[in-house]
Amino acid sequence: MKLILALLCALLAVPAAAQTALPPAPWADRQIPDAAQERKAKALMETIRCLTCQSQSIADSGASMAGDMRSQIRERIMAGEQPESIRSWLIARYGDWVSYEPTAAPILWPLWAAPVLLLGLGLLLLRGRIKRRTRA
Amino acid sequence: MRKLLIWLPLVLFLAFVGLFATGLFKPDDRVIHSRLVGQPLPAFTLPAAASDRPALASAQFVTGKPRLLNIFASWCVPCAAEAPQLMALKQAGVEIDAIAIRDARPDVDGFLQRYGNPYARIGLDARSAVQMALGSSGVPETFVIDGKGRIAYQHIGDIRADDVPMILDRLKDAQ
């Protein structure tokens, strides 16, 4: 019995993160019971940047603030809020920077146009080659 | 035309080299500024974080006089480092309120006992919810709130001794 209790305690122990003494927020590392809602929350969390570890998404980060963000996102999705409205709420506070999802902002137009331009260039080159080949 | 075209790869290559070089040598700015500067303080009500200071709500900032809102935590080392500067600001007559992030009352009490207590009111934000609502991304941060309850300025990181006159200027500007 004691052994089982000790093992249970070991399960509850959180790795020392040296960031804060508080345990993680309730929904930081717990899935929403409704699978469809959890999928929505997870998809959003994977595209929101962690403010502490800036090259990670909050889904990957162990930072305490990322945990608080995950918990808040899950709670808001459970309350019926749409992921995109949570994303724009965050962007209104932290700027485009906080979202990994590219937007249609003018500064990103070259990014969206690049595949089309490169494909066009490729076709042009191909046409030149074929023409030369048929002439020969 | 064909003769010019032969230089195109080289030109492209040089363009990329230029792009990477500017990216490499540009000083790194990883500070995330809140987009709410110039806008009203988001509404919040927080419980008291310390035993001998009252709780904090956003409505208490509409006083007609600018105040500082310091975001700190008892577990944050730079927060301890900025404590003497906050004390100096308090002695200069500045009213300072605070939000303790992911904290617990005994820890806040211990921190204030050790490093001094320059705060009028301290709210406890146990799950960083108000911190997110403010567009704040870490501790410590200090917001200058004008008398109408609008965010006038955000200072990111600890207030150093040479930042104090600048903070006082910002407070004067927010009058």
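In chain B of this predicted model, strand S3 (residues 67-72), helix H3 (residues 77-91) and strand S4 form a β-α-β unit that is right-handed, meaning that, with the strands pointing away from the viewer, the path from the first strand over the helix to the second runs clockwise. Helices (H or I, at least four residues) and strands (E, at least two) are DSSP runs numbered from the N terminus. A right-handed β-α-β unit is also made by S4(B), helix H4(B) (residues 105-115) and strand S5(B) (residues 121-125).

S4(B) pairs in the parallel sense with S3(B) over five bridges, and its pairing with S5(B) is likewise parallel over five bridges, where pairing requires at least two DSSP bridges between the strands. Ala100(B) in S4(B) is the bridge partner of Phe72(B), whereas Ile101(B) stands opposite Asp125(B) of S5(B). Of the six residues of S4(B) (residues 96-101), five are buried, that is, with 20 or more other C-beta atoms, placed from the backbone, within 10 Å of their own.

With residues up to four places away in sequence excluded, Phe72(B) touches Cys79(B), Ala98(B), Ala100(B), Val139(B) and Pro140(B), a contact being a pair of C-beta atoms, placed from the backbone, within 7 Å.

Residues are numbered from 1 along each chain as its sequence is written, with chains lettered from A and ligands numbered from 1 in the order in which they are written. Local features need pLDDT of at least 70 and side-chain atom pairs count only at pLDDT 80 or more, while totals for chains, interfaces and linings use all residues.

Terms used. Two residues are in contact if their C-beta atoms, placed from the backbone, lie within 7 Å. A residue is buried if 20 or more other C-beta atoms lie within 10 Å of its own, exposed if 12 or fewer, and partly exposed in between; C-beta atoms are placed from the backbone.
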